Amino acid sequence: MKRLTAVARGKRYTMLRRRRLSPRYLPVAIAIGVTACIGVPDTRFGQNKVQYDAFDFEILETEHFDIFFYEEEREAAAQAGRMAERWYARLTRLLNHELRGRQPIIYYASHPHFKQTTQIGGAPGEGTGAVTEALKRRIILPFAGPLKETDHVLGHEMVHAFQFDMTQRREGALSNTNFPRALQLPLWFIEGMAEYLSIGPDDPHTAMWIRDAAINDKLPTMRQLNNPRFFPYRFGQAFWAYLAGRFGDEVVGRILNAAARSGGAEIAIERVIGIPVDSVNAEWHEEVRRAYDDLREETHDADHYGKLLLSKENGAGLNTAPVLSPDGTELVFLSIRDVFSLDMFRADAETGKILNKLVESGTDPHFESIQFIRSAGAWNSTGDRFVFGAVTGSDPVLTVVDVSNGDIVREKVLPDLGEVFNPTWSPDGSVIVFSAIVGGFSDLYSYHFENDVLRRLTSDAYTDLHPAWSPDGRSIAFVTDRFGTDLSRLSYGNYQLALMDPGTGRIDAIVSFPDAKNINPQWSKDGRSLYFLADPTGITNVYRLDVGSGRLYQITDLFTGVSGITALSPALTSAKDTDKIAFSVYEKGDYNVYVVDEAGVLAGEPVASSQVGVRKSR
Ligand SMILES: [Zn+2]
């Protein structure tokens with residue numbers, strides 16, 4: 001039987017293909033890890049038990065959903081089923097709409113598995129995090145690892161399912177007269193709404209983008225949002241947050257309904273709020289500027305703290321995931337020097353001069369660039385090897401390269417794991433500890449090179465990320481949500497710092513900001529301090545924890561923030577044998593790397609004790 005191809009459908013419903021992201025989005029789109037998440041469908045799928053590739057799907061039926069999953073993700077699928085019903089209740093109320101028919105959700109245990117899907121007519125793009133397709137309104141996605149991220153991605157895609165259902169006149173096959181009008185609406189309208197309704201108005205990552213745009217006079221008007229220069233997810237989310245904040249959340253559904261009738265975003269907004277969009281634009285910009293004016297005076301640019309090492313001025317953009325060599329003289333980092341490729345380079349940490357390219361992800365099919373978005377690698381203690389997590393084919397690998405020439409000297413394929421991130425090397429060089437997505441959850445693993453032994457260090461639904469081995473080898477700092485998460489209530493705790501004893505596996509909470517994100521711990525040379533990133537003020541900055549005393553110090557106080565490509569991406573590094581750190585900063589719509597080695601700056605300013613705490617509820 002000949003299958004209808006996506007191209008054929010594209011010819012017939014040309015409007016369906018508008019949703020493809022233009023190459024101009026790609027650098028940022030790859031960066032965000034979610035692109036083009038509304039797809040043109042394939043037609044096979046939906047029997048009760050579907051055999052595809054190695055995935056033997058079963059169906060979990062909840063009140064409103066058919067959740068397709070396979071054995072290794074059984075426990076995560078049960079969690080997702082409960083998340084899905086909670087989203088259904090929220091979105092039904094917010095958008096004043098009940099979905100017609102049961103909603104299919106097809107879950108893959110990891111992104112490499114997801115990339116093998118044939119449900120959307122061709123493999124999803126490299127940067128595509130998830131897809132909702134229009135024909136059968138199926139949500140197709142991988143587990144994100146961290147529960148909070150899985151919950152967000154599911155909520156985002158479910159907004160698309162509501163958008164399709166609310167804007168399609170009648171049920172049944174798509175035709176030129178019966179298709180979801182959502183497919184014709186601008187990306188910022190559709191994706192921004194999905195981000196706003198799944199994240200809400202309180203989002204430090206998007207707020208950072210908006211602050212940066214405001215200070216550089218780059219806030220878009222609603223019409224400019226149609227220009228691909230403005231990333232639709234972030235700016236669209238911000239605009240919806242403004243509309244909903246000012247006129248109430250219920251305008252979101254009313255504007256969507258109005259847009260389904262009129263076919264235009266601008267007309268719909270004007271009809272529902274009764275104000276010309278030009279006035280709304282001006283008032284939005286004015287409010288943003290007012291909110292951040294004082295902050296500009298109170299904060300600093302990154303060059304107040306250290307030296308600008310890597311930026312577009314001396315090479316290329318999107319400089320992220322910096323990792324200093326043990327002696328602090330060199331730095332491995334990621335950059336998009338070619339529009340389609342996030343590559344790994346080694347640079348001189350004094351001058352920023354590129355020494356060599358270690359990995360070319362875009363043109364080398366051996367490596368998948370999406371791994372790098374959420375991950376950084378690690379040097380060995382002698383500074384001649386670098387390890388990172390990657391994907392080759394559909395399997396995750398730990399890859400060790402010779403830094404002098406980029407040659408692969410060791411590679412360990414880990415077919416039982418989904419994705420591997422953020423390896424850290426034991427000081428004696430024998431063991432690598434890393435985080436991995438397995439069965440849809442994020443846990444810590446160790447791999448012993450000599451014995452070829454893989455060991456699971458944590459095994460539960462809680463999130464464990466960003467391991468960093470202490471200089472004396474006696475403990476591993478990492479990030480976890482286990483202290484504040486209540487799985488029974490689907491309540492996900494903040495990312496907090498913890499220490500693990502690599503010998504016994506014992507986990508202890510250490511001081512963190514209880515109401516903030518605390519990520520990316522990095523040890524000081526003497527092993528007494530942990531540098532890390534936290535956003536207790538709503539802005540992500542570098543902090544230092546004196547591990548012995550539990551005292552916290554603030555090292556940077558930036559207007560935009562220290563950031564990797566996503567809010568959870570590693571963006572901070574410390575040298576093992578010298579007092580030096582480096583971090584990437586989001587500024588002027590790009591990511592630059594700064595280096596700090598001044599003792600006074602590295603000491604930081606004491607943080608008021610009322611802001612800090614340690615949570616040991618679990
Ligand atoms: Zn989307």
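**Helix α6**

I began with helix α6 of this predicted model and found that Leu187, Trp188, Phe189, Ile190, Glu191, Gly192, Met193, Ala194, Glu195, Tyr196, Leu197 and Ser198 are buried, where buried means that 20 or more other C-beta atoms, placed from the backbone, lie within 10 Å of the residue's own, exposed that 12 or fewer do, and partly exposed that the count falls in between. That makes 12 of the 13 residues of α6 buried, so I noted the helix as mostly covered. Helices here are DSSP runs of H or I with at least four residues, strands are runs of E with at least two, and both are numbered from the N terminus.

I numbered residues from 1 along each chain as its sequence is written. Because the model is predicted, local features need a pLDDT of at least 70 and side-chain atom pairs count only at pLDDT 80 or more, while totals for chains, interfaces and linings use all residues.

I then checked the length of α6 (residues 187-199): at 1.5 Å a residue its 13 residues should span 18 Å, and the end C-alpha atoms are 17 Å apart, which agrees; the expected span is 1.5 Å times one less than the number of residues. After α6 comes Gly200, with a positive phi near 95 degrees.

**Core**

I looked next at the largest nonpolar core, which has 178 residues, and among these Tyr107, Phe239 and Tyr594 touch the most other members; such a core is a set of buried Ala, Val, Leu, Ile, Met, Phe, Trp, Tyr and Cys residues joined through C-beta atoms within 7 Å. Helix α8 (residues 232-247) supplies the largest share of this core, 9 residues. Leaving aside neighbours within four places in sequence, I found Phe239 in contact with Trp188, Gly192, Met222, Leu225 and Trp284, a contact being two C-beta atoms, placed from the backbone, within 7 Å.

Strand β5 (residues 65-69) is mostly covered, with 4 of its 5 residues buried. I saw strand β4 (residues 58-61) pair with β5 in the antiparallel sense over 4 bridges, pairing being taken as at least two DSSP bridges between two strands; Leu60 stands opposite Ile67 in β5, and a hairpin through 3 residues joins β4 to β5. With strand β6 (residues 103-108), β5 pairs in the parallel sense over 4 bridges, and Phe65 stands opposite Gln103 in β6. I followed the chain from β5 through helix α3 (residues 74-95) to β6 and recorded this β-α-β crossover as left-handed; a right-handed one runs clockwise from the first strand over the helix to the second, with the strands pointing away from the viewer.

**A four-stranded sheet**

I traced an open sheet of 4 strands in the order β14-β15-β16-β17, paired antiparallel. β14 (378-379) and β17 (408-413) stand at the edges with a single partner strand each, so one side of each is left without a neighbour in the sheet. Between β14 and β15 (residues 385-392) I noted 2 bridges, and Trp379 stands opposite Phe386 in β15.

**Whole chain and confidence**

I recorded 13 helices and 33 strands for the protein chain, and 54% of its 618 residues count as buried. The average pLDDT, the predictor's confidence in each residue from 0 to 100, is 87, and 86% of the residues score at least 70. Over residues 1-35 the pLDDT is below 50, although beyond near neighbours in sequence this stretch has 63 contacts in the model.
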